[in-house]
Amino acid sequence: MRNAFRKIDSSSLNIQFFFLRSLFPMQSSAVNQADTIAVAQTAHGHEEHPDLRMFGVLVFLCAESMIFLGLFIAYLSFRLMAPAWPPAGTEGLELLLPGINTIILISSSFVIHNADTAIKQDDVGAMRKWFAITAVMGAIFLGGQIYEYTHLEFGLTTNIFASTFYVLTGFHGLHVLFGLLMMLAVLFRSRQAAHYSHENHFGIEATELYWHFVDVIWIILFALLYLWR
């Protein structure tokens, strides 16, 4: 079972880092590609192709949703077949810290939306500020999750309850980390003059949409793991 989950984590990480690279390619490559397209269009009179990048992001998120759906179904199957959940002798989960973490993560969705609103008004400084705040909130969430891990009285291999808990929350944590990397990439690219504007802000929109996805997944996880007694 653990090997299967490792394969899921590995394949998902490969997809995510490929996705990150496609969102934020090297500047020289992007410029060269843009110049090549412009020359070709001028020479042959071709019309500009529609921008399907956001559609690609939606397809990517649908693929990630299917992975989480499989994990949710596995968790529900284990739980519904178990005579007791958590098994006898296993300490239940506390609500205080995860509840605070949940509030922080949900609030960060509203914060990152302010960044999208700011860039549509060509306010790059405000966009950077809201992205930085969101990144800090995401880092606090991960710190809280690590703190919870270090204070639990069960490990990954203690029983099926512990295994499913660590796999679900850990896999989600990897997605949060990936979201933070996307934010840092946006902040790094925003240092270039006029890189983002009200007409060109795909990286910002894609990162915001991904972050909302991470939040929705956590709400489901929180309900399944912590609220369902």
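Tutor: Helices are DSSP runs of H or I with at least four residues, strands are runs of E with at least two, and both are numbered from the N terminus. Please keep in mind that this is a predicted model.

Student: How many helices and how many strands are there in the protein chain?

Tutor: The protein chain has seven helices and zero strands, so that, read along the sequence, its pattern is α-α-α-α-α-α-α. Of its 229 residues, 41% are buried, and, among contacts with a separation of 6 or more, 83% are between residues 24 or more positions apart.

Student: How are the axes of helix α3 and helix α6 placed, and at what angle do they cross?

Tutor: An angle over 145 degrees between N-to-C directions counts as roughly antiparallel. The axes of α3 (residues 53–81) and α6 (residues 160–189) come within 10 Å and cross at roughly 165 degrees, and the two helices are therefore roughly antiparallel to each other. Their crossing is left-handed.

Student: Which residues of α3 and α6 meet?

Tutor: From α3 the contact takes in Glu-64, Ile-67, Phe-68, Leu-71, Phe-72, Tyr-75 and Phe-78, and these meet Ile-160, Thr-164, Val-167, Leu-168, Phe-171, His-172 and His-175 of α6. By class, the residues of this contact are ten nonpolar, three polar and one charged.

Student: Is His-172 buried or exposed?

Tutor: Under 20% relative accessible area a residue counts as buried. His-172, which lies in helix α6, has a relative accessible area of 0% and is therefore buried. Not counting residues up to four places away in sequence, His-172 touches Phe-68, Leu-105, Phe-141, Val-214, Ile-217, Trp-218 and Leu-221.

Student: What does Thr-169 contact, leaving aside its neighbours within four places in sequence?

Tutor: Thr-169 is also found in helix α6, and its relative accessible area of 1% is why this residue counts as buried. Leaving aside neighbours within four places in sequence, Thr-169 is in contact with Gln-145, Tyr-149, Trp-218 and Leu-225, while its side chain reaches the backbone oxygen of Phe-165 at 2.7 Å.

Student: Where is Leu-156 placed?

Tutor: Leu-156 belongs to the loop between α5 (124–151) and α6, and its relative accessibility of 37% is why it counts as partly exposed. Leu-156 and Val-167 are eleven residues apart along the chain, and their C-alpha atoms are separated by 8.2 Å.

Student: Which residues does the cis peptide bond join?

Tutor: Most residues other than glycine have a negative phi, and most peptide bonds are trans. Here a cis peptide bond, with omega about 0 degrees, joins Trp-85 and Pro-86, and Pro-86 lies in the loop between α3 and α4 (96–119).

Student: What is the phi of Asp-122, and what is that of Ala-194?

Tutor: Asp-122 has a positive phi of about 60 degrees although it is not a glycine, and Ala-194, likewise a residue other than glycine, has a positive phi near 60 degrees. Asp-122 is in the loop between α4 and α5, where its 41% relative accessibility is why it counts as partly exposed. Ala-194 is in the loop between α6 and α7 (202–227), and with a relative accessible area of 71% Ala-194 is exposed.

Methods
Residues are numbered from 1 along each chain as its sequence is written. This is a predicted model: local features need pLDDT of at least 70, side-chain atom pairs count only at pLDDT 80 or more; totals for chains, interfaces and linings use all residues. Side-chain values use heavy atoms; hydrogens and water are left out. Axes are lines fitted to C-alpha atoms, for helices over the stretch in contact, and angles run from 0 to 180 degrees between N-to-C directions. Angles under 35 degrees count as roughly parallel, over 145 as roughly antiparallel, 65 to 115 as roughly perpendicular and the rest as oblique. A crossing is left-handed if the near helix is turned anticlockwise from the far one by less than a right angle, and right-handed if clockwise. Contact means heavy atoms within 4.5 Å. Ala, Val, Leu, Ile, Met, Phe, Trp, Tyr, Cys and Pro count as nonpolar, Asp, Glu, Lys and Arg as charged, and the others, Gly among them, as polar. Buried means under 20% relative accessible area, exposed over 50%, partly exposed in between (1.4 Å probe, protein chains only). A polar contact is a pair of N or O atoms within 3.5 Å; within protein, one must be able to donate a hydrogen and the other to accept it, and residues adjacent in sequence count only if both atoms are side-chain atoms.
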